[in-house]
Amino acid sequence: MATATLNPISALSKDEILRYSRHLIMPEVGMEGQLKLKKAKVLCIGAGGLGSPLTLYLAAAGVGRLGIVDFDVVDFTNLQRQVIHGTADVGKSKLASARESIREINPNVEVVGFETRLTSENALQLFEGFDIIVDGTDNFPTRYLVNDACVLLGKPNVYGSIFRFEGQASVFSALQGPCYRCLYPEPPPPGLVPSCAEGGVLGVLPGIVGCIQAMETIKLIIGQGQTLIGRLLVFDALGVKFRELKLRKNPDCPACGTHPTITRLIDYEQFCGIRGEEHTSVMTGIPELTPREVKKMMDENQPFVLIDVREPHEFQICRIPGSTLIPLGEVAKRMHELDSAGEIVVHCRSGQRSARAVEFLMKAGFRKIYNLKGGILAWSDQVDPSVPKY
Amino acid sequence: MAVKIMIPTPLRQYVGKKDQVEVEAKTVAEALSKLASEYSELRRHLYNQEGKLRSFVNIYLGDEDIRFLQKEQTPLNENDVLSIVPSIAGGTALRRVVASGRDMACPYERAKRKWPQQL
């Protein structure tokens, strides 16, 4: 915890006055607003796509204490959007990498890192020391956890969410307006909505949404303007359309309604029905072959068909030689092209989508059908490193 | 009544990549049902197996949530604009931040497994 101890919180040093001069000369911020920023304690959940612009701008703006919860490690696929991390940071903890970037931008900011998962057990304690919580997570269980903890503690939750070309932002502050559960009482069942890893995200989009979250956080701190409390901002990056929708407090909301039933934090994975989701490839009864076993079948000229259920644009990135493309969405329509008595190996990028295809085809009467365990990623690791991973 | 239904980007793949679809309908229920019959792949994203609107797909008439109007029975006027606003959760690559006991390995070890040649 690097603190500028010589720097009293009730005043700005000469250096700080120079640093924040473009804030200070605006009457909406001024010395009063800048000192509010300096006294502010903001907790960011996640130092990834949304967390990157968010923490960078909040640090540059002079937020005094910036908490970050993240236990992940920087990898190459993060760099396309997580601009707080650089190429040299790959393999480092995101927290350490974020801390270094923030120190470089503004050494006056005290970064408080929590290299841990956010859980129902630790959330209330972690949030306690902060005024505002900013939600930059990428999954439903954590979003409901962050919401409920904020409602229970009466703290504002600055919300931002993205998916491919779609962005959403709002400020949930149950004392004054609706909460996340008023907007969406329930999460989608797992499998219906692909994750970012599966669905992709345009790298700039979290930059835009994260900056909106940073802006709203600063407005909450300095008490200026109209925040997104009671409004949902929806952004369509394809059409460059920002739209605003009314958010109303649901009197029957289980978290913030008149008779709340959520009076303590619950099991959010169970609530979102995703126990075991990460292990769909080991769904019971799905026969699998390892990349080496499939390579051996190829080398021995065994007759089998290799089906790739990824999307055509993924097929363009890389492929296993000899594979036939039938995207997952077309499997039902095109299964007549396949011989249900012949041997078939199905694969995708990581083995999850192909497991769904195998399960479907088994139900349709295919008997000699196998999932390529670990997909192209494992193929690249175990058989042919010249096939790129993505 | 001719009304416009705004399609969010995640659902456009099911409506031929259109950003809006026009239908003739007197109520919200009728408009959505016509949309789902015209684009059958969209149906499971809007309705559950019992044929009820999914609770994580919000419908707005103008800027107002239909749950605070007359829900699906909300009447429509000529040139009304309906919006479908699904729940999305993306943000970071922060996986499984909620404790589950799975994959408790050190994050660095996990990254090494994923990107062995770089680390």
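Tutor: One term before we start: two strands count as paired if DSSP finds at least two bridges between them. Also keep in mind that this is a predicted model.
Student: Okay, so how many bridges join strand 10 and strand 11 of chain A?
Tutor: There are 2 bridges between strand 10 (residues 305–308) and strand 11 of chain A, and the pairing is parallel. In one of the bridges, Asp308(A) has Leu325(A) of strand 11 as its partner.
Student: Which sheet do those strands sit in, and what's the strand order?
Tutor: They belong to an open sheet of 5 strands in chain A, ordered 9-13-12-10-11, with parallel pairing. Strand 9 (288–289) and strand 11 (324–325) are the edge strands, each pairing on one side only.
Student: Let me zoom out. How many helices and strands does chain A have?
Tutor: Chain A has 16 helices and 13 strands. Its C-alpha atoms fill a box of roughly 75 × 50 × 40 Å along the principal axes.
Student: What domains is chain A divided into?
Tutor: Domain 1 covers 14–275 and domain 2 covers 279–382. Taken over C-alpha atoms, the centres of these two domains of chain A are 39 Å apart.
Student: And what percentage of chain A is buried?
Tutor: Of the 390 residues in chain A, 46% are buried. As for contacts in chain A with a separation of 6 or more, 68% come from residues 24 or more positions apart.
Student: Can you show me a strand with buried residues? Say, which residues of strand 4 of chain A are buried?
Tutor: Here's the background first: in a regular strand, side chains alternate between the two faces of the sheet. In strand 4 (residues 132–135) of chain A, Ile132(A) and Val134(A) are on one side, Ile133(A) and Asp135(A) are on the other, and all of these are buried. That leaves both faces of the strand covered.
Student: Which strands does strand 4 of chain A pair with?
Tutor: Strand 1 (residues 41–45) of chain A pairs with strand 4 in the parallel sense over 4 bridges. Leu43(A) has Ile133(A) as its bridge partner there. Strand 4 also pairs with strand 5 (residues 157–163) of chain A, again in the parallel sense, over 3 bridges.
Student: Switching to helices. At what angle do helix 4 and helix 10 of chain A cross?
Tutor: The axes of helix 4 (residues 51–61) and helix 10 (residues 204–222) of chain A cross at roughly 35° and come within 7 Å. The crossing is right-handed.
Student: Which residues meet there?
Tutor: From helix 4 of chain A, the residues include Gly51(A), Pro53(A), Leu54(A) and Tyr57(A). From helix 10 of chain A, they include Gly207(A), Gly210(A), Ala214(A) and Ile218(A). By class, this contact has 8 nonpolar, 6 polar and no charged residues.
Student: On to chain B. In what order do its elements run?
Tutor: From the N terminus on, chain B goes β-β-α-α-β-β-β-α, so by the DSSP-based count it has 3 helices and 5 strands. Of its 119 residues, 34% are buried.
Student: Is Leu82(B) buried or exposed, and why?
Tutor: Leu82(B) is buried, because 23 other C-beta atoms lie within 10 Å of its own, and 20 or more is the cut-off for buried. You'll find Leu82(B) in strand 5 (residues 81–86) of chain B.
Student: What's the phi of Lys17(B)?
Tutor: Lys17(B) has a positive phi of about 65°, although it is not a glycine. Most residues other than glycine have a negative phi. Lys17(B) is in the loop between strand 1 (2–6) and strand 2 (20–24) of chain B, and it counts as exposed because it has 10 C-beta neighbours inside 10 Å.
Student: And where is Lys71(B)?
Tutor: Lys71(B) lies in the loop between strand 4 (64–65) and strand 5 of chain B. Its phi is positive too, near 50°. With 14 other C-beta atoms within 10 Å, Lys71(B) is partly exposed.

Note on methods:
Residues numbered from 1 in each chain as written. Chains lettered and ligands numbered in written order. Predicted model: local features only at pLDDT ≥ 70, side-chain atom pairs only at ≥ 80, totals over all residues. Axes fitted to C-alpha atoms, helices over the stretch in contact; angles between N-to-C directions. Left-handed = near helix turned anticlockwise from the far one by under 90°. Contact = placed C-beta atoms within 7 Å. Nonpolar A, V, L, I, M, F, W, Y, C, P; charged D, E, K, R; others polar. Domains from an automatic or database assignment. Buried ≥ 20, exposed ≤ 12 C-beta atoms within 10 Å, placed from the backbone.
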